[in-house]
Amino acid sequence: REPKKNMPPLVRYKFPIIGHTYSYLFNCEEFLKQCKAEYGDIFSLYVWGQVKTIVGKEYSQEILSRDDAFSFAVAFNRRFPGGELLKNLGSISPTRLLKDYIFCKLNFYSERMQKSLYLATQKYIDIGDHNEQKTFNNMYYLMTRIISTPIANIFLGEEEYQYDEIINTFAEITSDLSLFLIIPPILDIIYPGLQNYFNCILIRTGIYNPALKHQDILIKHINNQVCKRLQEKDKYGDSWKRPDDFLQDIMELDGFDSNNVNCSSLADKICALLFASIHTTASGCANVFMDLASRPQYMQELYEEQLEVHKEADENGVLPFEALNNMKKLDSFVRESFRLSGHIVSLEHVVLKDYTFSNGLQVPKDRIVNIYAEDVYQDESLQGPNPKSFEPFRHVDVNASAAKIGKNYLSFGGGKHACPGRYFAINEIKFFMHNMILNYNFRTASGKIEKRRMIGPMALPSSGGIIIEKRVK
Ligand code: HEM
């Protein structure tokens, strides 16, 4: 208790220890609406033995823009034992690596992204002829495989991405490791931070380490690839054709010693990026696909746009990078899907030093704050008329692309630490949807709109069935 501070109001609760945990988990949407109506834009809850502050639309940008006072990374590391799981990561920031070696080459990687994406779509959807149709009951599962394929191609190269073992590791690593984020931090009720401490002990003692099997697979493949490349470089000298992929880039970083290659460190760098990229992109893509399957009335309009865009494709069906800019309706559809299928509360940050919001309310150092995303997404002044309804083309004329961050769109965070992978992810989703819309018909098996699945404030793609068949052209 800090009597001198003008802290956000703590919502009343009946039961000590449990506090608001039950309502937050089982009735989050309604509960938060009531809290906001009664307590205002910023209020605190008592969840899992800790006070956390929920910040509504008016003040959310303060959290994202003040990285001297709020940190997403510190909050993440408090809940996720990344240091224990990825012991050989080294000091280079994954964000730096991505910016230096991948995001500046999006244009260069575009053709490979499309080719491997289309190959993966054929392989995993696998519909033979026009009369066949298939029902998929877990789009998210399917999307993790499809999305992982171009990512594996770009990260590990044209050879390694062809191994099923690699695709499975890419696809599964995030969900295996996210167990630490999904399991409720019950031990924190006894003492804040105890759950993470306990998780670290599980990993350190080897009782439970879900990263190990994936690291072993990655190390094996990286080792093969590194040896092969070094031998070929030796053999062919100046005429050696350097593979252009992320693995080669990080092999050549300062400090690289060809006589003593640290494959564990290379594997951990890739694991860190997989954690950031696979689940997020696969869920986003599954949601977009589900949203269109749920609303067949928009299919024709999108089909016509994609048909027009496809005129720019070369003889192999590959689009020039610039064609992405012409998928305006699809882009707006993607943004609308992200807007309405996200978490109710997101972007957990830790307060790094005592902070006073512009309305005078103060949060102390070490407090957990979360952004009330739904408050942003259901606000008419930020979203336009009927903010709760899915209007796929509402962003077409307002110059707001699916990757454009801003105070009315928080899916990729904001400020200095906004997701650096957002263009990569949105490109991948648009290329995937372009191909699906042109070549397949799809609809929900229930014939109804499939909504996101909620676990407390967290949203996951619906697991409702989708029927897919080849389009008759
Ligand atoms: C639809 C897909 C994605 C979503 C929804 C997403 C979302 C986010 C969010 C919300 C953040 C936190 C931003 C903040 O602190 O304000 C973030 C950070 C980050 N994302 Fe993504 N992301 C996606 C795809 C990717 C991809 C494909 C990559 C890499 C290839 C990536 C790499 C990163 C990294 C490295 C950070 C940390 C940035 C920093 O701390 O400076 N993300 N992402």
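C419 sits in the loop between α18 (380-383) and α19. Helices here are DSSP runs of H or I with at least four residues, strands are runs of E with at least two, and both are numbered from the N terminus. The model is predicted: local features need pLDDT of at least 70, side-chain atom pairs count only at pLDDT 80 or more, and totals for chains, interfaces and linings use all residues. Residue numbers start from 1 along each chain as its sequence is written.

An unreviewed UniProt entry lists C419 under "binding site". UniProt positions follow the numbering used here, feature names are shortened, and annotations may be inferred rather than shown by experiment. C419 counts as partly exposed because it has 19 C-beta neighbours inside 10 Å. The scale runs from buried (20 or more other C-beta atoms within 10 Å) to exposed (12 or fewer), with partly exposed in between; C-beta atoms are placed from the backbone. Leaving aside neighbours within four places in sequence, C419 is in contact with F412 and G413. Contact means C-beta atoms, placed from the backbone, within 7 Å.

## Around the ligand

The ligand has 24 residues around it, and S277, T280, G413, C419 and G421 come nearest. A residue is near a molecule or strand if its C-beta atom, placed from the backbone, lies within 6 Å. Elements giving two or more residues to this shell are α4 (72-79), α6 (94-101), α14 (263-294) and α19 (422-439). The largest share is that of α14, with six residues.

By type, the shell holds 13 nonpolar residues, ten polar and one charged. Nonpolar covers Ala, Val, Leu, Ile, Met, Phe, Trp, Tyr, Cys and Pro; charged covers Asp, Glu, Lys and Arg; the others, Gly among them, are polar.

## The three-stranded sheet

Strands β4, β12 and β9 form an open sheet in the order β4-β12-β9, with antiparallel pairing. Neighbouring strands are turned by 20° against each other on average, direction ignored. Two strands pair if DSSP finds at least two bridges between them.

β4 and β12 (residues 466-470) run antiparallel and share four bridges. T135 has I467 in β12 as its bridge partner. α14 lies across β9 and β12, at about 80° to β9. Axes are lines fitted to C-alpha atoms, for helices over the stretch in contact, and angles run from 0 to 180 degrees between N-to-C directions.

β1 (residues 42-47) and β2 (residues 50-55) run antiparallel, joined by six bridges. They form a hairpin with two residues between them, and W48 in the turn has a positive phi of about 50°. I42 has V55 in β2 as its bridge partner.

β2 also pairs with β8 (residues 368-371), in the parallel sense, over four bridges. I54 stands opposite N370, and K52 stands opposite I368. β5 (residues 346-351) runs antiparallel to β8, with three bridges. V350 of this pairing stands opposite I368. Both faces of β8 are covered: I368 and N370 are buried on one side, V369 and I371 on the other.

## I217 in α12

I217 belongs to α12 (residues 212-236). I217 is partly exposed, as 18 other C-beta atoms lie within 10 Å. Not counting residues up to four places away in sequence, I217 touches E165 and T169. I217 and E165 are 52 residues apart along the chain, yet their C-alpha atoms are separated by 7.5 Å.

Methods: Two residues are in contact if their C-beta atoms, placed from the backbone, lie within 7 Å.
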